[in-house]
Amino acid sequence: MSTVSADERLPEPPVLSGRRWLLPSAVLHEFEPADTRPGRRPRRTARDWLVDFSCFLLAVAIGLIAADAVGDNPHVSRTAAELDQLLGALACAAVWLRRRWPLGLALATIPLSLLSDTAGGACMIAVFTLAVHRPFRYVAWVAGANIATVPLTYRLRPDADLPYLVCVVLAVVLIAAVVGWGLLVRAKRQLMVSLRDRARRAETEARLRAEQAQRLAREAIAREMHDVLAHRLTLLSVHAGALEFRPDAPREEVARAAGVIRESAHEALQDLREIIGVLRAADSDHDDTGRPQPTLAALDTLVAESREAGMKVLLDSRVSDPAAVPASVGRTAYRIAQESLTNARKHAPGTEVTVTVTGGPGEGLTVAVRNPPPEGPVPHVPGSGQGLIGLTERATLTGGRLDHGVERDGAFGVRAWLPWG
């Protein structure tokens, strides 16, 4: 049976197709990297434009407040105040580049913080952007450099209202708060991407499990049909052999044997078609074969068919209500009896086969099939033992057990116990 790779058969579902504008472009790029052209940055979403515009307005507002304070600061000359404001205006305009070059912008703002109070808002936004978009090692170096410049900044341009130490402490606390906020945003984004990856893996694993369950179901159905096909072909072989070795048989017996051969061949062809159809099906399950599966109640019909084929079969069923047996257990018991009768017909023709079924709810179901040794030599049948291996596997999958072998008196027996209730 051919296999198909998971990438071909498991397409990933679209990611938040109705709310893409609510997510940052960086997160969308992690979710759907195929939507971004190679070598190009992901396009900004509506949320990105709103955040960028808000950051720009915040930098401008802080710059205006700082520019007014610098103009009134007696420790700053008029020329220095104008240069401060010019550098602040350039820093505010550079805020629009924070997504394209977060590290470069953050490095450029380090000397700006020494020369311009008006650029303070843009510097904080640059540090925040770096904390969101780059690993912590870059953030630590840039934040450390900014903190190191704080004492020198207030030495060059002392504040007109607050003491030197208070200004330094407030500036360091502000830088630490901005870095912490940026790291928190980065952690939330990484958590979102991680959860999405886990959800995708869970969906893929669920689909793979479903596909594996379908494959196992098809294999189980194929095994069921194989047992039935083997039974039909054995009946056909027995009757064809009888016609070959008894050409002088009565016309009625020849007609009956020919009818059994025709019916067995038709049923075998039907079963073979079902096996091929099951193996080709992509979405089949246990009940898609189109034919009812046998249960323990069909055991009488199986014995009757075997008797019509010329076998001597004695059925001793001590189960008061075969219909009450669970379907899976009854089907397994039926298959065990069917395969055992087929083996007895091939390896011990002409002997009397005894089929015994006992049990009840709570104690389990016991199926025993026994036949004495054949009276004369029997030709070797190819593939001997494979059916018993399949029966053992079938009983084990049901939760039971199966034993088989030659007994002390030379008889061959198959005994299986299956759980019931």
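**Strand pairing and helix packing in a predicted model**

Strands E2 and E3 form a hairpin with three residues between them, and Gly362 in the turn has a positive phi of about 95 degrees. Helices (H or I, at least four residues) and strands (E, at least two) are DSSP runs, numbered from the N terminus. Two strands are said to pair if DSSP finds at least two bridges between them. The model is predicted, and local features need pLDDT of at least 70, side-chain atom pairs count only at pLDDT 80 or more, while totals for chains, interfaces and linings use all residues. Residues are numbered from 1 along each chain as its sequence is written, and side-chain values use heavy atoms, with hydrogens and water left out.

Gly359 has Leu365 in E3 as its bridge partner, and Gly360 stands opposite Gly364 in E3. Strand E2 (residues 352-360) also pairs with strand E1 (residues 312-317), here in the parallel sense and over six bridges. In this pairing, Ser317 has Val357 in E2 as its bridge partner.

The open sheet consists of five strands in the order E1-E2-E3-E5-E4, with mixed pairing. Its edge strands are E1 and strand E4 (401-406), each of which pairs on one side only. From one strand to the next, the twist averages 10 degrees. Axes are lines fitted to C-alpha atoms, for helices over the stretch in contact, and angles run from 0 to 180 degrees between N-to-C directions.

Helix H10 (residues 299-308) packs on the sheet and touches E1 and E2 (contact means heavy atoms within 4.5 Å); the direction of H10 makes about 165 degrees with that of E1. Helix H11 lies across E1, E2, E3, E4 and strand E5 (412-418), and runs at about 5 degrees to E3. Together, E1, helix H11 (residues 327-347) and E2 make a left-handed β-α-β unit. A crossover is right-handed if, with the strands pointing away from the viewer, the path from the first strand over the helix to the second runs clockwise.

A further site was examined in helix H5 (residues 102-115), where Ala106 is placed. Ala106 has a relative accessible area of 0% and is therefore buried (under 20% relative accessible area, with exposed over 50% and partly exposed in between, for a 1.4 Å probe and protein chains only). Apart from residues up to four places away in sequence, Ala106 touches Ala126, Leu130 and Val142. Ala106 and Val142 are 36 residues apart along the chain, and their C-alpha atoms are separated by 7.0 Å.
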